[in-house]
Amino acid sequence: MIRVGILGPTGYAGLELIRILLRHPNARIVYLGARREERPRIDDIWPILKNRISLPCSLIGQDPMPEMDVAFLALPHTLAMSHVPEMLARGAKVVDISADYRLKDPAAFKKWYKVDHTDAANLPRAVYGLCELFRKEIAGAELIANPGCYPTAVTLALAPLLKKGLAAPGRIILDAKSGVSGAGREPKAELHFPEANESITAYKVGVHQHTGEILQTAERLAGRDVDALFVPHLIPMDRGILATCYIPLAKALTTDEIKKVYGDFYKDDFFVRVRMNDTIPTTKQVFDTNFCDIAVRGVGETAVVVACIDNLIKGAAGQAVQNMNIMLGLDESAGLV
Ligand SMILES: NC(=O)c1ccc[n+]([C@@H]2O[C@H](COP(=O)([O-])OP(=O)(O)OC[C@H]3O[C@@H](n4cnc5c(N)ncnc54)[C@H](OP(=O)(O)O)[C@@H]3O)[C@@H](O)[C@H]2O)c1
């Protein structure tokens with residue numbers, strides 16, 4: 001059995017990691033690291049786990065850690081990078097769910113996250129874990145930068161057109177909506193029920209921190225500069241992301257032609273489901289799954305691509321386990337279906 005540890009098990013991504021790993025045929029959770037001095041049992045924090053796992057949370061930095069084969073970090077960004085060097089030094093493979101290792105350039109990290117990177121030495125060895133696009137690199141990695149939730153949906157939506165040179169150099173519009181769990185469990189006024197319920201808003205228009213990550217991968221796929229305007233929205237549901245992407249085309253393509261491009265591109269990817277009929281995916285249809293559902297339309301010289309994921313699964317814990325499976329040569333879908 002693969003010995004697995006989780007730092008940050010008391011957050012939303014941490015809970016989903018536990019739920020997935022409990023049903024994983026090859027993994028056993030041996031360590032839960034938290035900052036809670038009272039060292040609570042995890043099923044007292046998350047009653048949904050009663051009768052399934054009752055491991056006490058260890059105090060990070062004080063209690064001993066057992067040997068681990070894989071460590072998942074589900075900590076806030078800018079904190080994860082202070083723990084990754086130690087986990088690597090202990091010989092664990094690391095999957096970091098935070099943003100700390102996603103941007104290759106420390107200057108870009110400073111631009112988008114407003115702090116200096118404190119572990120730039122490990123940035124070059126971090127592999128960007130968007131499984132469907134970078135599987136080969138992931139297989140040989142020791143440190144995975146698990147992609148952000150919005151970037152996962154948006155990049156899977158853009159990849160076929162960018163990679164095949166079918167997108168024109170003009171501005172791509174990325175309009176994305178997320179449920180409130182995307183912001184984590186820590187209370188914030190704008191996430192308070194009377195503020196968020198029955199209401200919808202755009203936020204961080206053109207300046208959201210995921211913009212740098214989206215552009216980094218888009219440019220890598222296209223092999224040129226990419227211009228994209230990313231506008232996220234908060235919508236009153238627990239979880240789920242729907243991204244609608246407006247991509248200028250080098251020449252007009254019909255819906256059927258674009259469907260063929262996407263169907264071929266993702267034909268071997270179990271977790272990407274391209275709609276070949278006339279339906280458009282909804283967030284409910286990917287709820288609590290590791291799937292990304294995609295529909296495409298050709299509207300003159302614009303491709304409209306709609307992608308849906310569950311932000312906590314394909315956008316966080318599910319993709320993290322998918323990365324572990326690839327790194328260790330396991331069935332890629334183990335624990336995830
Ligand atoms: N939510 C999503 O949809 C999503 C998607 C992709 C990536 N992510 C990323 O995944 C990470 C976790 O997100 P989340 O949504 O699970 O956040 P969350 O619900 O706020 O959980 C954060 C976790 O980090 C712990 N933590 C916070 N400060 C700490 C400290 N100083 N020392 C030790 N532990 C500390 C929290 O412990 P306490 O319970 O004690 O506060 C909790 O376990 C973040 O980097 C986030 O950006 C989240």
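Which helices each supply at least two residues of the shell around the ligand? Helix H1 (12–22) and helix H10 (313–327) do, helices (H or I, at least four residues) and strands (E, at least two) being DSSP runs numbered from the N terminus.

1. Ground rules. This is a predicted model, in which local features need pLDDT of at least 70 and side-chain atom pairs count only at pLDDT 80 or more, while totals for chains, interfaces and linings use all residues. Residues are numbered from 1 along each chain as its sequence is written, and side-chain values use heavy atoms, with hydrogens and water left out.

2. Two domains. The assignment gives domain 1 (2–147 + 315–327) and domain 2 (149–311); such bounds come from an automatic or database domain assignment. Taken over C-alpha atoms, the centres of domain 1 and domain 2 are 24 Å apart. Between them, 25 residues of domain 1 are in contact with 32 residues of domain 2 (contact means heavy atoms within 4.5 Å).

3. The shell around the ligand. Each of domain 1 and domain 2 gives at least three residues to this shell. There are 25 residues around the ligand, and Thr 10, Ala 13, Arg 35, Arg 36 and Leu 75 come nearest; a residue is near if one of its heavy atoms lies within 4 Å. By type, the shell holds ten nonpolar, ten polar and five charged residues. In that count Ala, Val, Leu, Ile, Met, Phe, Trp, Tyr, Cys and Pro are nonpolar, Asp, Glu, Lys and Arg are charged, and the others, Gly among them, are polar.

4. A polar side-chain atom of Arg 35 lies 2.7 Å from a ligand oxygen atom. For Leu 75, a backbone N or O atom lies 2.7 Å from an oxygen atom of the ligand, and for Tyr 12 a backbone N or O atom lies 3.0 Å from one. The ligand on its own has 900 Å² of accessible area, of which the protein covers 83% (Shrake-Rupley method, 1.4 Å probe).

5. The parallel sheet. Seven strands make an open sheet in the order S3-S2-S1-S4-S5-S7-S6, with parallel pairing; two strands pair if DSSP finds at least two bridges between them. Strand S3 (58–59) and strand S6 (126–128) are at the edges with a single partner strand each, so one side of each has no neighbour in the sheet. Strand S2 (residues 27–34) runs parallel to S3, joined by two bridges, and Ala 34 has Leu 59 in S3 as its bridge partner.

6. Strand S8 (residues 172–178) and strand S11 (residues 241–248) run antiparallel with six bridges, Ile 173 being partnered by Tyr 246 in S11.

7. Around S13. Three bridges pair S12 with strand S13 (residues 292–299) in the parallel sense, and Val 272 has Cys 292 in S13 as its bridge partner. On to strand S14 (residues 302–309): seven bridges join S13 to S14, and the two run antiparallel, with Asp 293 partnered by Cys 308 in S14. The hairpin of S13 and S14 has two residues between the strands, and in this hairpin Gly 300 takes a positive phi near 60 degrees.

Conventions:
Polar contact = N/O pair within 3.5 Å; in protein donor to acceptor, adjacent residues only side chain to side chain.
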